[in-house]
Each structure stands twice: as structure tokens, then as C-alpha cells.
Amino acid sequence: MEATKRDGGLKQRNCCGKFNCSKANFLPEPSFQDWPSYLKALGQTGTRFRDRIIARSPEDFELHEVRARSGHEMKKNLTWWDLTWFGIGAVIGAGIFVLTGQEARYVVGPAVVISYVVSGVSAMLSVFCYTEFAVEIPSAGGSFAYLRVELGDFVAFIGAGNIILEYVIGGAAVARSWTSYFATLLNHNPKDFRIHVSSFKADYNELDPIAVVVIFIICAVAVYSTKGSSRFNYIASILHIIVLVFIIIAGFTKADTKNYSDFAPHGARGIFAASAVLFFAYVGFDAVSTMAEETKNPGKDIPIGLVGSMTITTAFYCILAVVLCLMQPYKQIDPDAPFSVAFERVGMDWAKYIVAFGALKGMTTVLLVSAVGQARYLTHIARSHMITPWLANVNSKTGTPINATIVMLTATAIVAFFTSLSILSNLLSISTLFIFMLVAVALLVRRYYAVGETLDADRNKLIAFMLLIIGSSIATATYWGLDSSGWIAYVITLPIWFFSTLGLRLFVPQARAPKLWGVPLVPWFPSASILLNIFLLGSIDKDSFIRFGFWTLLLLVYYFFIGLHASYDVAKDETIASAPAKLEEGTVDK
């Protein structure tokens with residue numbers, strides 16, 4: 001009897017085959033078996049929501065039983081070397097080669113280097129939080145798994161929706177930037193390779209077929225092999241680093257310190273406004289955390305890979321920003337291909353081809369690592385049945401999530417075909433900053449709260465201090481976003497944040513310590529991450545928040561009509577929820 005139940009449950013959860021596309025494979029849960037069952041489930045929406053909003057996934061369950069729903073385990077063949085180059089390849093791309101020029105010219109001037117420092121500090125704080133989670137919970141679900149374990153199903157779903165948005169938009173932005181530098185390499189204007197449709201709305205009327213082709217080539221590589229993707233990535237990334245070193249050395253030979261005379265023409269507001277957008281340039285490192293499931297020694301490899309790659313990346317960004325603004329007056333920087341045009345204007349026409357080649361290399365690796373990371377996110381979300389479990393299938397031969405890879409990159413290609421970079425970069429920054437803030441909150445919960453161990457009084461103090469930390473951060477960001485020139489509000493909000501964090505440190509005992517690697521200076525680092533991420537959100541334009549709100553509304557509609565009922569059934573129905581005794585393990589490449 002037990003064997004029968006296990007076989008039946010495994011069948012439903014694995015989607016029963018590579019290309020079996022019956023309804024039972026897309027919606028196998030009892031709530032969707034027929035219309036009466038679905039209407040009954042809708043009638044129980046309130047009860048089910050109350051159950052799932054407080055439900056937290058046990059760590060062991062997330063690592064073993066949820067993982068088993070893919071049928072085959074991903075191959076453990078990555079080391080710290082792979083992760084470091086994946087981190088570099090994931091991050092250094094369109095942000096530095098395109099947005100640096102856009103923000104330096106229109107928003108911040110030469111002080112763009114300070115903007116990179118601010119967003120870099122925020123990104124590094126998030127890297128620390130991600131690293132502890134990735135070591136302790138080495139799952140392909142990345143931040144979705146972390147949020148599910150610490151903050152529950154509902155918050156994890158909202159985070160998951162924004163993770164998907166982050167990757168789709170990020171990939172689309174990089175693909176469109178790829179076209180811009182490809183045009184430069186061929187001595188053309190990017191518009192020569194795009195199709196203008198006058199009847200479409202502005203910012204959506206420059207169709208980009210090259211971006212679509214590049215994305216589908218990347219899709220084929222990502223589907224074939226993770227280890228093969230890694231080899232291609234670090235070879236391409238090494239070439240990319242060589243080009244960056246060339247840009248720095250050659251650029252400094254044409255530097256003119258007079259171009260730094262008007263260093264911060266738009267003051268602190270310009271610096272932070274640019275920081276919010278330039279945060280896009282650091283997006284991608286979270287993809288490395290999704291590879292923890294395929295890492296041979298997570299406790300050693302992940303900290304080296306994540307922290308090491310972010311340190312290298314931040315150093316390169318700051319130096320490159322200085323070089324660009326020393327080569328020419330900031331008002332003359334080209335917003336589309338700033339480095340290539342800068343070399344052309346200082347009489348080094350031949351160098352612009354090297355720059356364009358390096359930019360294309362960088363953007364190609366960003367797309368590849370993004371493709372690998374986003375498919376693993378989607379795979380783990382599908383394992384929870386919040387979206388169709390058909391996407392959770394891991395191919396037995398390649399050890400890669402083929403269905404999830406193809407679906408995510410198809411969505412990315414559609415967005416890249418229509419949408420301009422300015423729309424994409426702002427919306428991406430909102431989604432990413434929101435997720436990173438949630439991960440920092442989750443880390444504080446992980447350190448200070450353990451079910452059955454934390455006293456009620458300590459739990460209540462934790463909630464109070466965290467509400468004050470988040471509330472004071474929101475108040476600070478709101479006051480900044482309202483464009484007020486006063487300072488009195490900061491004298492109130494920032495001390496509240498400081499003393500709330502101090503109170504958490506002094507009056508709430510930590511419930512657990514990390515087993516292998518932990519964030520230093522807890523609660524200060526996670527609390528600072530919350531403050532900085534929320535503060536940078538206050539510098540993003542209103543229209544981007546409207547788009548973000550619309551996306552969140554769509555997520556909620558989907559959740560209450562489908563995702564809630566599917567995940568509830570999985571949690572409550574023993575046939576679907578029971579795990580097989582053993583996974584089919586992928587082989588380890590030596």
C-alpha cells in the first residue's frame with residue numbers, strides 16, 4: 001500500500017514524462033480535477049489563505065522532499081572557481097557598458113562613481129545575506145526557498161513573482177543592449193537593426209529581432225549542460241576582464257582632470273537617484289545562489305564565489321566610471337555606447353571595436369548565467385506547485401531543467417522584442433531591491449526566531465523592533481522621494497532605525513547560530529541592508545512604481561485563483577505531498 005502511494009505521488013509530482021502535456025500534468029492537484037472541485041476550493045479561499053499565510057516550510061523538507069519533485073537531482077559539478085566566474089559573468093554586462101553613460105550624462109555627472117559605491121555597498125550587504133542562506137539551505141530555489149522557510153508561503157510567492165520579473169526584465173534589457181553594441185561594432189546606429197512601428201506606443205515601438213535571436217542561442221547552451229555553460233562562461237569572462245583592463249589603461253592615457261571640475265552637478269539627490277538605477281548593474285549575483293544545489297562543497301565554495309566575485313565587480317565598476325568621466329565632459333557622454341564613443345572622440349577609433357567586442361562578451365555571459373539562474377528559480381517554484389509542476393522536470397540526460405529554461409527565455413525574448421532599456425532598468429531595480437530587502441528580513445527572522453524555542457516575549461520584541469526598522473526605513477525613503485529639501489525628518493527616522501537595531505542586538509537573544517558560514521555583525525548588516533534597499537526604492541520614478549503595482553496585482557489575482565489552492569493541496573494531500581524514498585542522483589563530474 002505504501003509503495004503504491006509513493007509511486008502515485010511521484011508520478012503526479014514529476015509530471016510523468018518529458019513531453020506529456022495533459023491537464024493532469026499541468027494541474028494535478030485535487031482542486032482542479034473538475035469544475036465542482038474548483039468552485040468548492042474557491043469557496044474555501046479565506047480559510048486556505050489563513051492557513052498558508054503562516055505556513056513555513058521546514059528546512060529539511062525544502063532540501064529533500066521538495067527537491068524530489070523534479071524526479072532527477074541536478075548534477076553536483078561546480079566549485080568555487082566556477083561560482084566566482086559565474087558571479088563575474090552574471091554581473092558585468094549592460095549595467096556598466098550602457099547605464100553608466102545614461103546616468104552620468106543625465107542624472108549625476110562624474111559623481112557616478114559615488115553612485116556605484118552606494119549601490120555596491122547595498123549589493124554587498126545583500127551578498128552576505130544570500131551567502132549565509134545558500135550555505136545553510138543549498139537549494140535551486142534561491143531566495144524563494146529562503147523566504148518560504150523563514151517568512152512563509154505567501155511572502156515567498158510574492159517574492160517569487162518579483163524574482164521571475166527580475167530575470168525576465170534583466171535578460172531583456174541585456175539583450176537589447178547587446179544589439180546596441182553589435183551595431184557599434186559594425187559602425188551602425190542601433191536603430192538600423194531595429195524595426196520602428198509608428199502605431200505602437202513610444203518605448204515599445206522599436207522592435208529588436210537580434211535580441212530575440214541572441215536569447216534563443218543562449219537558451220540552447222543553457223539547456224545542454226550546466227558544466228558546459230560554466231566552461232564557456234569563465235573563458236568568455238577571462239577575455240572580458242582582459243578587455244576591461246585595456247579600457248582602464250587606455251582610458252587613463254586620455255584622461256583630463258578638468259572633466260572632473262563639476263563633480264556632482266545635481267548634488268546628493270542625483271547621486272542616490274543614479275544609485276537606484278545603477279543597482280541594475282549588480283543584479284545577477286543572486287543567480288549564483290541558485291547553483292548551490294549543484295555545488296560540490298557549498299560551505300566553502302559559495303562564500304568564496306559570491307563575496308569574491310562581488311568584490312572584483314565593484315572594484316572594476318568604480319574604476320571604469322572614473323575613466324569614462326575623465327575621458328570627456330559628462331554632458332558629451334553617449335548614452336547608448338558610452339565607452340566606444342568616448343574612445344572614438346579622443347582619436348582612438350580602433351579601440352572602440354575592442355570595447356564593443358568586450359561589451360558583447362560581457363553581455364553574452366550575463367545572459368547565459370541569467371538563463372541558468374532563472375530556470376532554477378522557476379524549477380523550485382514549480383516544485384512547490386505554486387505554478388505548474390510541469391516546469392519542475394529535470395532532464396535525466398542533461399541534468400538541467402529544460403522546460404523551465406525554455407519558458408523563461410521565451411518570455412524574456414518577447415519582452416526584449418518590444419520594450420526599451422529605460423523602461424526595463426527602472427522596473428528591474430524596484431523588483432530587485434524589494435527582493436533583497438525581503439531576504440534581509442528573512443535572515444533576521446532566521447537568527448532570532450525558532451519555533452518551539454523562542455519565548456513569546458522575545459518573539460514579540462523581535463516583531464516590534466523589526467517593524468520599527470522597516471517603518472523608519474520606509475519613512476526615510478518616503479521623505480527623500482517627496483523631494484523635500486528639509487532635514488528634520490531624518491533626525492527622527494534615522495535614530496529610530498539605529499536604536500531599533502541596537503535594541504534587537506541587546507534585548508533579543510539569537511535563536512540559532514550558522515553552522516558553516518554566517519553574516520558578520522548581525523543584526524547591523526541585515527538591518528543596514530533593509531535601510532539601504534528601501535531608501536534606494538525612494539529614488540525611483542513614479543511610473544515604475546505604477547508598473548510594479550500592476551505586476552503585483554496580477555500576482556495576487558493568480559495566487560488567489562490558482563497558486564493558493566495548488567500549494568494548499570500539496571501541503572494537505574498526502575498522495576501529492578509524500579516524498580519518494582530516494583532521488584535519482586545526477587553524476588558528479590570529476
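Q: Which helix does S567 lie in?
A: Helix α23, which covers residues 542-572. Keep in mind that this is a predicted model.

Q: Is S567 buried or exposed?
A: The general idea is a cut-off: buried means under 20% relative accessible area. S567 has 3% relative accessibility, so S567 counts as buried.

Q: What does S567 touch?
A: Leaving out residues up to four places away in sequence, S567 touches R52, D153, S384, H385 and M386. The S567 side chain also reaches the backbone oxygen of G563, at 2.9 Å.

Q: Okay, on to strands. Where is E206, and how far is E206 from H196 in space?
A: E206 sits in strand β2, residues 206-207. From C-alpha to C-alpha, E206 and H196 are 4.7 Å apart, and they are 10 residues apart in sequence. Their side chains are joined by a polar contact of 2.9 Å.

Q: How many aromatic pairs does a search of the whole structure find?
A: It finds 35. For the angle between ring planes, under 30 degrees counts as stacked, over 60 as edge-to-face and the rest as tilted. Take F200 and F418: their planes are at 35°, so this pair is tilted, with ring centres 6.2 Å apart.

Q: Which parts does the pair of F200 and F418 tie together?
A: F200 is in the loop between β1 and β2, while F418 is in helix α18, so the pair ties together parts 218 residues apart in sequence. F498 and F499 make another pair: their planes are at 85°, so that one is edge-to-face.

Q: What lies over the face of W480?
A: That's R269, at 4.1 Å from the ring centre.

Notes:
Residues numbered from 1 in each chain as written. Predicted model: local features only at pLDDT ≥ 70, side-chain atom pairs only at ≥ 80, totals over all residues. Heavy atoms only, no water. Helix = DSSP H or I, 4+ residues; strand = E, 2+ residues; numbered from the N terminus. Polar contact = N/O pair within 3.5 Å; in protein donor to acceptor, adjacent residues only side chain to side chain. Buried < 20%, exposed > 50% of the residue type's maximum accessible area, 1.4 Å probe, protein only. Contact = heavy atoms within 4.5 Å. Phe/Tyr/Trp six-rings, centres within 6.5 Å; stacked < 30°, edge-to-face > 60°. Lys NZ or Arg CZ within 6 Å of the ring centre and 35° of its normal.
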